[in-house]
Amino acid sequence: MRLIGWLRLFCRWNGVVIDMTLTEFCIIDPLAKRVGRVKNRKQPMQESQMVVEESTITSHIKRIRRKFQSLDQKFDCIEPGYGMGYRWNSHQ
């Protein structure tokens, strides 16, 4: 069997491509699609039919934030929904 190609997951922020792992993409995609709505830690993984430990979601969120902040130091669109999960708020 030969590998013909590979899957590249990414998003754009201010016109710049940000490479994402599959897990990062599956976390951020449902947040960005539903601006302002809090998603608990399990929902993004359930929607993408992935199994990721709930305790590691926070680490993934931190890594995602760092990727955006490396392009935009003022990035703050991923907000905690205290005691519930996270939400994407577009401040731009």
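Q: Hi! Which residue in strand 5 does N40 stand opposite?
A: N40 stands opposite G85 in strand 5. Strands here are DSSP runs of E with at least two residues, helices are runs of H or I with at least four residues, and both are numbered from the N terminus. This is a predicted model, where local features need pLDDT of at least 70 and side-chain atom pairs count only at pLDDT 80 or more, while totals for chains, interfaces and linings use all residues. Residues are numbered from 1 along each chain as its sequence is written, and side-chain values use heavy atoms, leaving out hydrogens and water.

Q: How many bridges join strand 3 to strand 5?
A: Strand 3 (residues 39–40) is joined to strand 5 by 2 bridges, and the two run antiparallel. Two strands pair if DSSP finds at least two bridges between them.

Q: And what about strand 4 and strand 5, over how many bridges do they pair?
A: Strand 4 (residues 78–81) pairs with strand 5 over 4 bridges, in the antiparallel sense. P80, for instance, has Y86 in strand 5 as its bridge partner.

Q: Which residue takes a positive phi in the hairpin of strand 4 and strand 5?
A: That's G83, with a phi near 80°; the hairpin has 3 residues between the strands.

Q: Let's zoom out. How many helices and strands are there in the protein?
A: The protein has 3 helices and 5 strands. Starting at the N terminus, their order is β-β-α-β-α-α-β-β.

Q: What share of the residues count as buried?
A: Of the 92 residues, 33% do. Buried means under 20% relative accessible area, exposed means over 50%, and partly exposed lies in between (1.4 Å probe, protein chains only).

Q: Which residues touch the most other members of the largest nonpolar core?
A: M20, F68, I78 and W88 do, in a core of 17 residues. Such a core is a set of buried Ala, Val, Leu, Ile, Met, Phe, Trp, Tyr and Cys residues joined through side-chain atoms within 4.5 Å. Helix 3 supplies the largest share of this core, 4 residues.

Q: What does W88 touch?
A: Leaving aside residues up to four places away in sequence, W88 touches W13, I28, L31, A32, V35, G36, F68, F75, C77 and I78. Contact means heavy atoms within 4.5 Å.

Q: Switching to helix 1, which residues are buried there?
A: In helix 1, the buried residues are T23, E24, C26, I27, I28, P30 and L31.
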